[in-house]
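Please read it with the structure open.

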There are 2 protein chains.
Amino acid sequence: MAVDRLYALLERLGNLLRTEERAAGLPHGLQPVHLQALRYLQSCNRYSNTPAALTEYLGLTKGTVSQTLLLLEEKGLLRKQADTQDRRVIHLLLTEAGRAVLKEALPPELFKRALTGLPGEGEALEEALTGLLRSLQAANAQRSFGACGTCKHFKREGPGRFRCGLTQEPLSREDSQLLCREHEAVPPAH
Amino acid sequence: MAVDRLYALLERLGNLLRTEERAAGLPHGLQPVHLQALRYLQSCNRYSNTPAALTEYLGLTKGTVSQTLLLLEEKGLLRKQADTQDRRVIHLLLTEAGRAVLKEALPPELFKRALTGLPGEGEALEEALTGLLRSLQAANAQRSFGACGTCKHFKREGPGRFRCGLTQEPLSREDSQLLCREHEAVPPAH
DNA sequence: GCATTTAGTATCGAGTCGATACCAATCGGC
DNA sequence: GCCGATTGGTATCGACTCGATACTAAATGC
């Protein structure tokens with residue numbers, strides 16, 4: 001029974017967010033999925049700003065995402081840059097216009113206002129939702145797209161010096177806060 | 001900053017649910033919004049099973065919802081019944097087939113599985129999400145569509161005997177658990 | 001080297017969704 | 001009562017999402 005109620009709650013919240021997002025994108029002629037793509041590209045690292053990564057993130061098919069990107073490029077909100085190593089790969093970079101739109105539209109004003117009344121800045125809620133999301137992603141065999149610094153491959157080498165255990169690349173403090181498509185959550189301590 | 005993270009979390013959860021829902025509806029040729037409509041109609045009371053109420057619940061326009069209902073009626077998942085009092089109003093009733101589809105499809109299997117691992121049956125999460133939803137609905141000047149028994153018009157008249165302070169109608173125990181479009185949350189105690 | 005896999009694009013059709021226009025019934029003044 | 005305003009619902013249209021399928025090109029594996 002509790003499962004049904006939780007499901008209904010999440011569905012309703014999702015719809016509300018979507019409606020808000022639709023309204024927020026309307027002045028710019030953007031749909032919810034466009035804003036979501038822009039937001040992802042703004043917060044992902046340099047290995048995860050490709051159509052394929054975005055496809056996994058959004059949970060859509062690559063054909064659908066390809067169309068979305070075409071539209072965003074036409075509107076001048078992002079540009080494509082060929083990868084120097086792998087000539088099949090394309091990197092998606094937000095333009096200044098893209099950043100500006102995002103800054104104006106997300107999160108929607110009403111969402112921010114509704115959240116100010118939340119107890120304890122919503123820390124507990126954030127933790128609970130993260131747990132739920134990880135659980136759902138695990139059940140779906142989906143990537144988690146967490147922040148680099150919370151990944152099990154993340155290694156501390158000194159004050160302000162980090163490294164990725166997977167690519168062996170050094171990481172800056174800013175890097176550690178970006179989303180990574182290779183992210184794997186640290187298994188919870190028992 | 002915490003607002004951004006919370007927003008991202010909710011957006012992602014919403015997308016995941018939507019993807020699940022899409023998959024769950026596919027075998028029946030139904031879209032997410034169709035399942036949502038069926039679920040609402042299953043759990044709302046007899047004053048709230050109209051196109052207008054569903055429109056408010058889903059946050060769409062009445063034209064859009066009218067189309068959705070046309071499709072569901074064609075598929076034999078619901079039937080329409082004219083109101084005896086107000087001849088403009090139509091009541092939407094799930095058919096057996098509609099109930100069957102819903103029972104099979106929602107909540108999606110993976111969601112149920114993901115939730116079993118949640119601490120404390122998710123009671124705390126449910127409470128937090130309810131608070132967030134109410135807050136968002138208030139900010140949006142939207143109706144809350146809560147269960148009748150949690151409404152400020154709900155009156156206890158004795159063991160198992162209730163009454164709605166708005167319509168003055170007597171309510172059964174089952175009535176008290178159904179969603180109502182006139183629902184207004186009890187203001188939180190200070 | 002050659003089959004397989006992976007990254008991305010192109011095209012098509014089904015369907016959502018909002019906007020606009022419309023009709024019928026009810027309600028509110030008076 | 002009566003007439004304008006409001007409410008409940010439908011119809012139609014166009015923009016857009018999304019999945020499915022088919023395709024190209026580059027990389028990978030054996």
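1. Where is the place of F145(B)? F145(B) is located in the loop between α7 (123-139) and β3 (154-158) of chain B. Helices and strands here are DSSP runs, H or I of at least four residues for helices and E of at least two for strands, numbered from the N terminus.

2. This is a predicted model, in which local features need pLDDT of at least 70 and side-chain atom pairs count only at pLDDT 80 or more, while totals for chains, interfaces and linings use all residues. Residues are numbered from 1 along each chain as its sequence is written, chains are lettered from A and ligands numbered from 1 in the order in which they are written, and side-chain values use heavy atoms, with hydrogens and water left out.

3. F145(B) is not a glycine, yet its phi is positive, at about 55°. The residue is buried, with a relative accessible area of 3%. Buried means under 20% relative accessible area, exposed means over 50%, and partly exposed lies in between (1.4 Å probe, protein chains only).

4. Q168(B) also deserves a check: its phi is near 65°, a positive value in a residue other than glycine. Q168(B) sits in the loop between β4 (161-164) and β5 (170-171) of chain B. Is Q168(B) buried or partly exposed? With a relative accessible area of 47%, Q168(B) is partly exposed.

5. The sheet of chain A is open and has 3 strands in the order β3-β4-β5, with antiparallel pairing. Its edge strands are β3 (154-158) and β5 (170-171) of chain A, each pairing on one side only. Two strands count as paired if DSSP finds at least two bridges between them.

6. How many bridges join β3(A) to β4(A)? There are 4 bridges, and the two strands run antiparallel. Within this pair, G158(A) has R161(A) in β4(A) as its bridge partner. β3(A) and β4(A) make a hairpin with 2 residues between them, and G160(A) in the turn has a positive phi of about 75°.

7. F162(A) stands opposite L171(A) in β5(A), and R163(A) has P170(A) in β5(A) as its bridge partner. The hairpin of β4(A) and β5(A) has 5 residues between the strands, and Q168(A) there takes a positive phi near 65°.

8. In a regular strand the side chains alternate between the two faces of the sheet. For β4(A), the covered face holds F162(A) and C164(A), and the uncovered one holds R161(A) and R163(A).

9. Chain B has an open sheet of 3 strands in the order β3-β4-β5, with antiparallel pairing. Its β3 and β5 stand at the edges with a single partner strand each, so one side of each is left without a neighbour in the sheet. β4(B) and β5(B) run antiparallel and are joined by 2 bridges; F162(B) stands opposite L171(B) in β5(B).

10. Two packed helices are described by the angle between their axes and the distance between the axes. Axes are lines fitted to C-alpha atoms, for helices over the stretch in contact, and angles run from 0 to 180 degrees between N-to-C directions. Helix α2 (residues 32-43) and helix α3 (residues 51-58) of chain B pack at about 120°, with their axes 11 Å apart. α2(B) and α3(B) are therefore oblique to each other. Angles under 35 degrees count as roughly parallel, over 145 as roughly antiparallel, 65 to 115 as roughly perpendicular and the rest as oblique.

11. The contact (heavy atoms within 4.5 Å) is made by V33(B), Q36(B), A37(B), R39(B) and Y40(B) of α2(B) with A53(B), L54(B), Y57(B) and L58(B) of α3(B). By class it has 7 nonpolar, 1 polar and 1 charged residues. Ala, Val, Leu, Ile, Met, Phe, Trp, Tyr, Cys and Pro count as nonpolar, Asp, Glu, Lys and Arg as charged, and the others, Gly among them, as polar.

12. Between the chains, helix α6 (residues 109-116) of chain A packs with helix α1 (residues 2-25) of chain B at about 115°, the axes being 11 Å apart. That makes α6(A) roughly perpendicular to α1(B). F111(A), K112(A) and L115(A) in α6(A) meet V3(B), L6(B), Y7(B) and L10(B) in α1(B). These residues divide into 6 nonpolar, no polar and 1 charged.
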